[in-house]
Amino acid sequence: MSNTAKHLSVSVWRGFADGHYQTFEVPRQDNQTVLDVVTWIQRNTEPSLAYRFACRVGVCGSCAMTVNGRPRWTCRTHISKVVDQDGKLELAPLANLPPIKDLVADMRPFFDKWEKAEGKFHPSKTRVDPMATISPETTKRQAADKAIECINCGVCYAACDSVRWNPAYLGPAALNRAWTLANDERDAGGPQRLKAVSANGGCHSCHSHQSCEQHCPIGLNPTESIAGLKRLTVDAYIRGELS
Amino acid sequence: MRLYILQRGTAALMVPLIAIHLALIVYATGNGLTASEILARTRGSIAWGLFYQVFVIAAAVHGAIGLRSVARDWLRIGPRPQTGLMWGFGLLLLAFGTRAVIAVVFPGSLS
Ligand code: HEM
Ligand code: SF4
Ligand code: SF4
Ligand code: FES
């Protein structure tokens, strides 16, 4: 395998929005992830290189970058998947977010929209109430389970054309979370959440391109969740609860 | 939200209308009807007139709202110009469509 190129030629985005690519030579190994490559550069060649990671095992969602033009989680992306014989690799911060420095994008707009979509739990009980029993068999719980494993990596947000075109659009991850909560029987925030996701920039701005679903490293399908929200808002509109 | 409902509602309405329209085209061409023979059947027909006028209204509403979304995403214009474009395009579609319906139901009236 490694008898192709012995070295990788890695172009890394340096600086801020008006930065440039800087090329580094990195020894190629049989087992190597994109994050390994970035870490190698920072430890051996360029200590000032800024990037973000925590868990290294695909749980925390902090390591996403643009890898050869596509958003990916870098800690679980093997080099052999993204680099061919020529050994060329291009790394940039996630798209659709303001760059901070080098490979680090500002995630604040992403999480602000998460809040705006009412992607948070509204308790319907207190700690003195008995624990809610939720059957894993119900349609609602199964819908929530299908979308729940999001790691907030922002890959779908960077992959979404609607986010790029429409600055008000809440994006796939926030709406996907809103959908899981809309299906949570313990949650009491339904009406205000439907209002939030049907406002300007909400679920109706999604064109069902499924770019989010194509890129989500966990294999979630935000498009389907958003379609679910569209149905809920139409039902609520017909009942006269939304205008 | 209201625009979304109107856009998807008119899309749903157009599904059976388009099916009938296509079936009609297949029937008419399959039977070798000429334009004048077709016009002879539609002339004075309130039913066909209504059918196509509903179609025209649905298409105008649907297309205009759709174009507004395209303008929102692709042109850097604010909500007011978007709405202006929507009304302009919608009324244009409505005018052309209505003109065509009149021509089919009352031939000669527009010449
Ligand atoms: C049975 C016929 C039709 C159906 C079922 C239909 C359905 C749809 C749907 C579901 C969308 C939303 C796409 C999205 O936003 O992701 C859409 C958008 C659109 N439609 Fe139609 N449509 C039909 C006929 C027409 C006709 C006749 C016109 C032209 C007057 C038209 C013009 C548009 C435009 C301009 C858009 C906006 C594109 C967009 O938002 O992505 N459609 N249509
Ligand atoms: S399906 Fe919707 S959320 Fe997903 S990429 Fe397309 S527009 Fe964005
Ligand atoms: S839906 Fe998938 S791609 Fe989007 S933030 Fe969650 S895990 Fe990442
Ligand atoms: S470092 Fe945690 S998901 Fe990649």
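1. Let's start with a pair of helices in chain A of this predicted model. The crossing of α3(A) and α7(A) is right-handed. Here α3 covers residues 108–116 and α7 covers residues 172–182, and the two pack with their axes 8 Å apart, at an angle of about 30°. Angles under 35 degrees count as roughly parallel, and α3(A) and α7(A) are therefore roughly parallel to each other.

2. Which residues make the contact? From α3(A) they are F110(A), K113(A) and W114(A), while α7(A) brings A173(A), A174(A) and R177(A). Sorted by class, this contact of α3(A) with α7(A) has four nonpolar and two charged residues, and no polar ones.

3. Now to ligand 1, which 14 residues surround; H207(A), Q7(B), R8(B), H62(B) and G66(B) are the closest. The site is shared between chains, because the residues around ligand 1 come from chains A and B.

4. Oxygen atoms of ligand 1 have a polar side-chain atom of H207(A) at 3.0 Å and one of R8(B) at 3.3 Å. For H62(B), an N or O atom in the side chain is 2.8 Å from a nitrogen atom of ligand 1.

5. Where does the shell around ligand 1 come from? In chain B, α1 (2–30) and α3 (46–74) are the elements that give two or more residues to this shell. The most comes from α3(B), with seven residues. Please keep this helix apart from α3 of chain A, residues 108–116.

6. Lastly, the make-up of the shell: around ligand 1 there are seven nonpolar residues, six polar and one charged.

How values were computed
Residues numbered from 1 in each chain as written. Chains lettered and ligands numbered in written order. Predicted model: local features only at pLDDT ≥ 70, side-chain atom pairs only at ≥ 80, totals over all residues. Heavy atoms only, no water. Near = heavy atom within 4 Å. Polar contact = N/O pair within 3.5 Å; in protein donor to acceptor, adjacent residues only side chain to side chain. Helix = DSSP H or I, 4+ residues; strand = E, 2+ residues; numbered from the N terminus. Nonpolar A, V, L, I, M, F, W, Y, C, P; charged D, E, K, R; others polar. Axes fitted to C-alpha atoms, helices over the stretch in contact; angles between N-to-C directions. Parallel < 35°, antiparallel > 145°, perpendicular 65-115°, else oblique. Left-handed = near helix turned anticlockwise from the far one by under 90°. Contact = heavy atoms within 4.5 Å.
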